[in-house]
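Subject: The structure we talked about

Hi there,

Here is the structure I promised to pass on. Have a look at it first, and then read on for what turned up when I went through it.

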Amino acid sequence: MMKIAVLTGLIGRAALWTAGTGLVLMTVLIAAQVFWRYVLNDSISWTEPASVMIMGWFIFLGAAVGIREGYHLSFDVLLYVIPHKGKMFLYSLSDLVVTCFGIGMIWFGWQLAEKTAGNTLPSLGISGAFDFIPIVAGGVLVALFSVERIARRAAGLPTARFGDDNSEAT
Amino acid sequence: EVTLRSSDTHPDGYPTVAAVNHMGDLLEERTDGRLCIEVSHSAQLGQEKDTIEQTQFGVIDMNRVSLGPFNNIIEETQIPSLPYIFRSVEHMHKVMDGPVGDQILEAFSDHDLVGLAFFDGGSRSFYNSQKPINSIEDLAGLKFRVMQSDMFVDMVSALGANATPMPYGEVYSSIQTGVIDGAENNWPSYDSSGHFEVAQYYTLDQHLIVPEVLVMAKSSFDKLSAEDQEIVRQAARDSVPVMRELWAAREAESEARVRAAGVEIVTDIDKTPFIEAMVPVYEKYVTSPVLQQMVADIQATE
Amino acid sequence: MELYVLFGTFVFLLLIGTPVAFCLGVSSFATVAYLGLPPVVVFQRLNSGVSVFALMAIPFFIYAGDLMVRGDIARRLVALAGAFVGHLRGGLGQVNILASVMFGGVSGSAAADASAVGGLMVPQMKERGYGVDYAVNITVVSSIIALMLPPSHNMIIYSISAGGRISIADLFTAGIIPGFLLAMSLMTAAWFVAKKRGYPTEKFPGLAMMGTLFVSAAPGLILVAIIFGGVRSGIFTASESSNIAVVYALLITFFVYRSLSWHDFVEATFAAVRTTAMVLLVIGCAASFGWLLAYLKVPAAMVEMLQGVSDNPIVILLLLNVVLLILGTFMDMSPLIVITTPIFLPVATAFGVDPVHFGVILILNLGIGLCTPPVGAVLFVGCAVGRIPIFDAVKSIWPFYGAAFGTLMLVTYIPALSLWLPSLFH
Ligand code: NA
Ligand code: NA
């Protein structure tokens, strides 16, 4: 389990760096658009759709990492009044539901990509399927990290709690 | 008893919404209440690109959309979106009611959709804050906002002006602050957006007369009996004259309001140089023999 | 029945601790399956819900805020605020509030305000003999000011949740007078509490010192002008001006102040990724939830129901405020904006309330919710900064809740407070 945890840790780190690079790239692209429009008096038409696509990547990857690190908004007042065993059961139920949603992101995201593969995206000139690749990739990580949470809990390892500032996971 | 769910981005009472509601009344009457239509207006179910996908997947049953979002999906829909392809609104009606219109409606069937009817979307012309446009030379160097589409950017460049794609909501203040000189739209939008307050010169060059389309989900259509399918098709056809009447009334109303505000309007303009300037645009976008034939057919329609 | 599936699944998942975004997504999924619709629509809405250019202002404004906190801009603004109001009764308490006004002009995050201004002010206030509860109370409630003054990414979330038809420039402008009104009510409350407890005042530092502090803080203040001026004049879109804020903050902190190390930069970037991914995933999943609300015609039913309760706008507005305050004690701001806007905005407009005015009411109301237990993100931050239990902070917070609630009532029932300033630009 520890070995797997090291591996998922690396995947999470890589996803976070990718998302961070995406944010910086978005900043650069829109800055270029502003510069071209207001200083060079010309307009670039692809920076806006390209940035929106990068935003999709960084949201879905960043959100998946949030499952591992436990930085999602949540509300678990009920769990304060429930005995430890029941709490662990409900946490795992919640992680299971999130896993299913991640699988849904993969499955239905893929269907959408297939259906739109023949379209061309305006200004970018690439296949419409690219619109849905981020949700599929995010779904893979959402499912992976949720399963990891269930496995860690079963193995008695610490799991990040949603809503905590300092996560226990590394 | 089946309720067909239809989407529209326009608000309640808008001609397209009213026309689909009218079609629903016809359906209810002709099927003794077995079929009816419920319109979700004001983009409640999403923007056009999204609702098209929803219709393809059969999440919703019907959809009233512009042809623009289809341009990258179905190549035949590009033809009515070509600048100056129609000589007048009457010419457009004739073409879309004829074999070319049927050919385009037929093309939807390869994409899990059934094309039912074409509605009017008005004719778009240029307006600006600088000077009256009487000839193509007057356009030189002016900056116009266009919709985010490569073809419209190319059209404006071919006319010698500069195209700036930007969101519709930013246009008013951008004209006011001089970031752009003008934009292009039809009478009702020129009126309702208030753009006529800041861009006082309107030239009716009618560069785009793009119809809109009413489509149905193939999965929903296939669930109906052959008899009901024909009733649906006929009711859609019967809603078209109603729609055209409502649209004309709305256009006249907007025109009267804008004229009363003292806007300078150029009506009689020689469109020939404008049309001639479109040669490179047509070369770029009318690529396949099928499309070239369609253009020829449209030009041959009297 | 569909509504029971939708809301039942949502509440159940919320109670067992599922992140809010997934509560929204999964309950939408369950309802779509129950209705027999193709589930693909849930993921299509999720994807297009986050593929909106106007949303880009949210990561950028949050990113700019993270850079400013780590790059010394916040500290200089606090120092300048000290020179202005330190000599008033309740000295450092007043400084804390004015600093939130200044910081609020460059950031739209209440949590960032509480950690940045609170992180600097609470230790100073402790040292000068102020009660920690007083310091924390002021830090927490005054951070709502950052939500009201432009830039406010929550107002952008509101505009998008309303279908993108409400002018962001108008919303930004409309929040200004209510923001200052809130600052003044809080300063008055701080004055009375300080008087009762006998807290000290600071010495006036003199005009020369004020000048020096002003110059040192000027780059931060210039940013206020760039952001507001750009959006208001229509020269920049909100997304563009938020991007300029990021670039500007980077340039100032890297080259002028030389206060941002590579490590700070990476940390600021990751912090922004974490916050925005979390907020935007909620917005995306709420797009699915909102689609179902529209499909099931919930907003129309809500309007009809409330019209049955009363036909008096004063009563309806009070009712909406109470419901929002209650929801706000349990949930965070951005999910509540995206969930409640499609339901409550049609109600408000049906009773003749301007959408811009309603936006200001909504943000102020939910801002108060950030400061109330049991779930109050800003309250948690404030208590963490002051290292006191939530119970101790809340015991003495009432005068400040009172001031905020009083402001909310004024803003609710005097539309001109919100609408007069934007009307000058039309
Ligand atoms: Na702000
Ligand atoms: Na403060």
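Predicted model: local features only at pLDDT ≥ 70, side-chain atom pairs only at ≥ 80, totals over all residues.

**The nonpolar cores**

C:Trp291 also belongs to the largest nonpolar core, which has 217 residues. Along with A:Phe101, C:Leu24, C:Leu46, C:Leu67, C:Tyr134 and C:Phe400, C:Trp291 is among the residues that touch the most other members. Helix 15 of chain C (residues 262–295) gives this core its largest share, 20 residues. There is also a second, separate core of 52 residues, and B:Ile79, B:Met151, B:Ala163 and B:Ile269 are included in it.

**How the chains meet**

Chain C and chain A bury about 4,900 Å² between them, with 81% of that on carbon and sulfur atoms. The contact involves 55 residues of chain C and 51 residues of chain A. On the chain C side, C:Ile16, C:Phe22 and C:Phe43 supply 13% of the area buried against chain A, more than any other three residues.

For chain B and chain A, the buried area is about 1,300 Å², and 48% of it is on carbon and sulfur atoms. Here 14 residues of chain B meet 16 residues of chain A.

**The sodium site**

The sodium ion (ligand 2) is held in chain C. Its donors are the O and OD1 atoms of C:Asn96, the OG of C:Ser100 and the OG of C:Ser142, at 2.2 to 3.0 Å. In sequence, the donor residues follow the spacing N-x3-S-x41-S. C:Asn96 and C:Ser100 both sit in helix 6 of chain C (residues 91–104), four residues apart, which is about one turn of the helix. Are these two residues buried or exposed? C:Asn96 has a relative accessible area of 0%, so it is buried. C:Ser100 is buried as well, with a relative accessible area of 0%.

**Helix 17 of chain C**

This helix covers residues 313–330. Its 18 residues should span 26 Å at 1.5 Å a residue, and the end C-alpha atoms are 26 Å apart, so the two agree. At the start of the helix, a side-chain oxygen of C:Asn312 comes within 2.9 Å of the backbone nitrogen of C:Ile314. The buried residues of helix 17 include C:Ile316, C:Leu320, C:Asn321, C:Gly328 and C:Thr329. As for what they pack against, the buried residues of the helix meet helix 16 (298–309), helix 18 (333–350), helix 19 (355–369) and helix 22 (398–413) of chain C.

**A few single residues**

- C:Thr372 lies in the loop between helix 19 and helix 20 (377–386) of chain C. Its relative accessibility is 12%, so it counts as buried. Beyond its sequence neighbours within four places, C:Thr372 is in contact with C:Gly328, C:Thr329, C:Leu379 and C:Tyr401. A polar atom of its side chain is 3.1 Å from the backbone oxygen of C:Gly369.
- C:Trp398 is in helix 22 of chain C. With a relative accessible area of 53%, C:Trp398 is exposed. A polar atom of its side chain lies 3.4 Å from the backbone oxygen of C:Val394, and the backbone oxygen of C:Lys395 is likewise at 3.4 Å.
- C:Thr212 belongs to helix 13 of chain C (residues 207–233) and is partly exposed, at 49% relative accessible area. Its side chain reaches the backbone oxygen of C:Ala208 at 2.9 Å. C:Thr212 and C:Leu80 are 132 residues apart in sequence, yet their C-alpha atoms are 9.0 Å apart in space.
- A:Ser146 is in helix 4 of chain A (residues 133–154). At 0% relative accessibility, A:Ser146 is buried. Apart from sequence neighbours within four places, A:Ser146 is in contact with A:Ile67, A:Asp95, A:Val98 and A:Thr99.

Definitions and conventions
Residues numbered from 1 in each chain as written. Chains lettered and ligands numbered in written order. Heavy atoms only, no water. Helix = DSSP H or I, 4+ residues; strand = E, 2+ residues; numbered from the N terminus. Expected span 1.5 Å × (residues − 1). Buried < 20%, exposed > 50% of the residue type's maximum accessible area, 1.4 Å probe, protein only. Contact = heavy atoms within 4.5 Å. Polar contact = N/O pair within 3.5 Å; in protein donor to acceptor, adjacent residues only side chain to side chain. Core = buried A, V, L, I, M, F, W, Y, C linked by side-chain atoms within 4.5 Å. Donors = N, O, S within 2.8 Å, 3.2 Å for Na, K, Ca; no water. Buried area = accessible area lost by both parts, 1.4 Å probe.
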